[in-house]
Amino acid sequence: VSQLIETLRVLPHEIVLILDEDDDPRSGRSAATISELPLADITAPTANGLRTMVKRLQDVVLGLLALLLALPIMLVTMVAIKLDSPGPIFFRQRRHGFNNEEIMVWKFRSMRTEFSDASARQQVQPGDHRVTRVGRFIRMMSIDELPQIFNVLAGQMSLVGPRPHAIGMRTGDVESAQLVSEYAHRHRIKPGMTGWAAINGSRGPLNTREDVERRVALDVEYIRRQSLWLDLWIMLLTIPVLVGDTKAIR
């Protein structure tokens with residue numbers, strides 16, 4: 001039972017255990033009898049209804065404000081990408097969303113079209129030849145992530161949460177999701193444009209098992225601590241932290 005509960009903990013649902021005092025496995029029970037048995041709450045939902053509503057309101061209001069502020073930067077970026085290299089302005093990638101559902105995430109294209117890697121089988125490394133000149137700058141400033149505001153407004157993402165990883169993303173020769181047993185815990189809430197891991201140095205490629213473990217640990221810590229005030233604090237720190245960290249590979 002403990003192993004089963006631990007396996008189910010990754011799901012964003014409440015787990016309830018039926019306390020059956022009858023030890024005889026041969027005894028049959030009707031649905032009516034089962035419904036009268038006592039229940040034990042093992043886990044609680046990730047967030048209550050009020051918290052979910054407040055977070056969605058926060059995403060819509062602040063997301064619209066962010067879109068208005070970012071619009072001039074986005075327009076300049078679109079022109080720069082078009083002039084820099086042939087290909088589309090935007091890059092779309094399938095990523096893990098809430099409850100491990102597949103979502104399509106939007107980004108500004110930062111790589112040469114012929115080297116597009118939709119499954120992130122090869123994560124970006126220092127001096128990566130696949131990245132364009134404009135792409136190098138917008139990745140360094142995280143401008144390539146701005147189109148994800150539309151994912152937030154559409155309800156697929158939140159402003160704050162675990163960063164969405166590409167489906168099939170690999171760390172070395174192994175799929176990243178296979179390296180850490182708690183990996184799926186990241187999907188108990190919507191993914192975010194920024195998050196607790198992002199402002200604590202866990203950004204960019206995950207090259208080792210230790211990198212994946214640290215990212216997952218920070219994401220799980222955020223899920224346990226999440227609140228309106230923590231979200232506002234993370235958003236406040238995001239720009240100075242990302243701009244000030246010149247060593248991160250993005």
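1. A residue is called buried when its relative accessible area is under 20%, exposed when it is over 50%, and partly exposed in between. By this rule Arg 94, with a relative accessible area of 37%, is partly exposed. The side chain of Arg 94 meets that of Glu 102 in a salt bridge, with 2.9 Å from N to O. The model discussed in this note is a predicted one.

2. On the overall architecture, the protein chain contains 8 helices and 8 strands. Of its 250 residues, 41% are buried. Among the contacts between residues at least 6 apart in sequence, 70% join residues at least 24 apart. The accessible surface of the chain comes to about 14,100 Å², and carbon and sulfur atoms account for 61% of that area.

3. The buried residues of α3 include Arg 51, Lys 55, Gln 58, Asp 59, Gly 63, Leu 67 and Ala 70. Further along, Met 74, Thr 77, Ile 81 and Asp 84 are also buried. An α-helix has 3.6 residues a turn, so residues three or four places apart point the same way.

4. Met 74 illustrates the packing of this helix. Met 74 is located in α3, and its relative accessible area of 4% means that it counts as buried. Leaving aside residues up to four places away in sequence, Met 74 touches Leu 67, Phe 108, Leu 146, Pro 147 and Phe 150. Met 74 and Ile 143 are 69 residues apart in sequence, yet their C-alpha atoms are 7.9 Å apart in space.

5. The structure holds 9 salt bridges. One of them is formed by the side chains of Arg 51 and Asp 231, at 3.0 Å from N to O. Because Arg 51 lies in helix α3 and Asp 231 in helix α8 (residues 228-244), this pair ties together parts that are 180 residues apart in sequence. Both partners fall under the 20% cut-off for burial: Arg 51 has 13% relative accessibility and counts as buried, and Asp 231 has 0% and counts as buried.

6. A further salt bridge joins Arg 163 and Glu 145, whose closest N and O atoms are 2.9 Å apart. The pair links distant parts of the chain, 18 residues apart. Arg 163 is in the loop between β5 (158-160) and β6 (170-171), while Glu 145 is in the loop between α4 (133-140) and α5 (148-153). Arg 163 and Glu 145 are buried. These two residues also belong to a network of salt bridges that links Lys 107, Asp 144, Glu 145 and Arg 163.

7. Gln 93 is in strand β3 (residues 90-96) and is buried, with a relative accessible area of 6%. The side chain of Gln 93 makes a polar contact of 2.8 Å with that of Arg 95. Leu 39, by comparison, is in strand β2 (residues 39-43) and is exposed, with a relative accessible area of 55%. Together with Val 16 and Ile 18, Leu 39 forms a nonpolar patch on the surface, with about 260 Å² of accessible area among the three residues.

Conventions:
Residues are numbered from 1 along each chain as its sequence is written. This is a predicted model: local features need pLDDT of at least 70, side-chain atom pairs count only at pLDDT 80 or more; totals for chains, interfaces and linings use all residues. Side-chain values use heavy atoms; hydrogens and water are left out. Buried means under 20% relative accessible area, exposed over 50%, partly exposed in between (1.4 Å probe, protein chains only). Helices (H or I, at least four residues) and strands (E, at least two) are DSSP runs, numbered from the N terminus. A polar contact is a pair of N or O atoms within 3.5 Å; within protein, one must be able to donate a hydrogen and the other to accept it, and residues adjacent in sequence count only if both atoms are side-chain atoms. Patches are made of residues with over 30% relative accessible area and no salt bridge: like charges are joined within 9 Å, nonpolar side chains (Val, Leu, Ile, Met, Phe, Trp, Tyr) within 5 Å. Accessible areas come from the Shrake-Rupley method with a 1.4 Å probe; for residues, only the protein chains shown count as cover. A salt bridge is a side-chain nitrogen of Lys or Arg within 4 Å of a carboxyl oxygen of Asp or Glu. Contact means heavy atoms within 4.5 Å.
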